[in-house]
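Here is a report on one protein model.

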Amino acid sequence: MMTKEELVVYLSPILKSVGFKKSRTTWHRSSPEGVCVFNIQSSQYGSEYYLNVGFYINALGNIEKPPEYKCHIRERLDITSDAEKTGQNILNWFNDFGSINKLRNNAFSETFPLITKAAREFLEKEYLLSLKTNLIQIK
């Protein structure tokens, strides 16, 4: 398995290519609806580290570059011995949960990550509004 430093070097160009900006061991990608956050957290017990991902919903707060632990949707990803697979897992997470529309569509999935109560209520309202909009368009 790669060291934390090696993983930072490996992931930096990959995340940059999809719009993330790096600050130390945290990357942010902003959009009008929210901020995608990826963080590599050191363990206090040696050389281990954790991969944290999250999505901060702008409608629920106003932090421009939130730390991962302030995100409304959060998850800790598994680290694999294969750096390429680890990178793909990170990109897949943001593909599944990196926007309001994707969150709304996946909100009731069994694999949905940790979510705050405020975010759950927000997404439920968004989901109901989208259903109402779809019904109006059908008529």
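## Terms and basis

Helices (H or I, at least four residues) and strands (E, at least two) are DSSP runs, numbered from the N terminus. By that rule, Phe94 lies in helix H2, which spans residues 83–97.

This is a predicted model, where local features need pLDDT of at least 70 and side-chain atom pairs count only at pLDDT 80 or more, while totals for chains, interfaces and linings use all residues. Residues are numbered from 1 along each chain as its sequence is written, and side-chain values use heavy atoms, with hydrogens and water left out.

## Overall fold

The protein has 4 helices and 6 strands. From the N terminus on, the order is α-β-β-β-β-β-α-α-β-α. Along the principal axes, the C-alpha atoms fill a box of roughly 55 × 30 × 25 Å.

The protein has 139 residues, and 37% of them are buried. Buried means under 20% relative accessible area, exposed over 50%, and partly exposed in between (1.4 Å probe, protein chains only). A contact means heavy atoms within 4.5 Å. Of the contacts with a separation of 6 or more, 44% join residues 24 or more positions apart.

## The nonpolar core

A nonpolar core is a set of buried Ala, Val, Leu, Ile, Met, Phe, Trp, Tyr and Cys residues joined through side-chain atoms within 4.5 Å. The largest such core has 27 residues, and Phe38, Ile40, Ile73 and Phe94 have the most contacts inside it. At least two residues each come from helix H1 (4–17), E3, E4, strand E5 (73–77), H2, helix H3 (100–106) and helix H4 (117–138). E4 gives the largest share of this core, 5 residues. In soluble globular proteins, nonpolar side chains tend to be buried together.

How is Phe38 placed, buried or exposed? Phe38 counts as buried because its relative accessible area is 0%. Phe38 sits in strand E3. Leaving out residues up to four places away in sequence, Phe38 touches Leu11, Leu15, Thr25, Thr26, Trp27, Leu51, Asn52, Val53, Ile90 and Phe94. Phe38 and Leu51 are 13 residues apart along the chain, and their C-alpha atoms are separated by 7.4 Å.

Phe94 is buried too, because its relative accessibility is 3%. With residues up to four places away in sequence not counted, the partners of Phe94 are Phe20, Arg29, Cys36, Val37, Phe38, Val53, Gly54 and Lys102. Phe94 and Ile57 are 37 residues apart in sequence, with 14 Å between their C-alpha atoms.

## Two buried serines

Ser43 lies in the loop between strand E3 (34–42) and strand E4 (49–57). Its relative accessible area is 8%, so Ser43 is buried. A polar contact is a pair of N or O atoms within 3.5 Å; within protein, one must be able to donate a hydrogen and the other to accept it, and residues adjacent in sequence count only if both atoms are side-chain atoms. The side chain of Ser43 reaches the backbone nitrogen of Tyr45 at 3.0 Å. Beyond four places in sequence, Ser43 touches Glu48, Tyr49 and Tyr50.

Ser99 is placed in the loop between H2 and H3. Ser99 is buried because its relative accessible area is 11%. Its side chain reaches the backbone nitrogen of Lys102 at 3.1 Å. Not counting residues up to four places away in sequence, Ser99 touches Glu33 and Phe55.

## An exposed loop residue

Arg24 lies in the loop between strand E1 (21–23) and strand E2 (26–30). Its relative accessibility is 73%, so Arg24 counts as exposed. Its phi is near 60°, a positive value in a residue other than glycine. Most residues other than glycine have a negative phi.

## The cavity

On a 1 Å grid over the protein atoms alone, a cavity is a set of points where a 1.4 Å probe fits but cannot get out; lining residues have an atom within 4 Å of a point. Grid points are joined across faces, edges and corners, and a volume is the space filled by probe spheres set on the points. The structure holds 1 cavity of 30 Å³ or more. The largest cavity holds about 50 Å³ of space.

Which residues line the largest cavity? They are Met1, Met2, Leu7, Tyr49, Ile79, Thr80, Ser81, Asp82, Ala83 and Thr86. This lining divides into 6 nonpolar, 3 polar and 1 charged. Here Ala, Val, Leu, Ile, Met, Phe, Trp, Tyr, Cys and Pro count as nonpolar, Asp, Glu, Lys and Arg as charged, and the others, Gly among them, as polar.

Methods:
1 Å grid on protein atoms, 1.4 Å probe; cavity = no way out; pocket = protein on both sides within 12 Å on 5 of 7 lines; lining within 4 Å.
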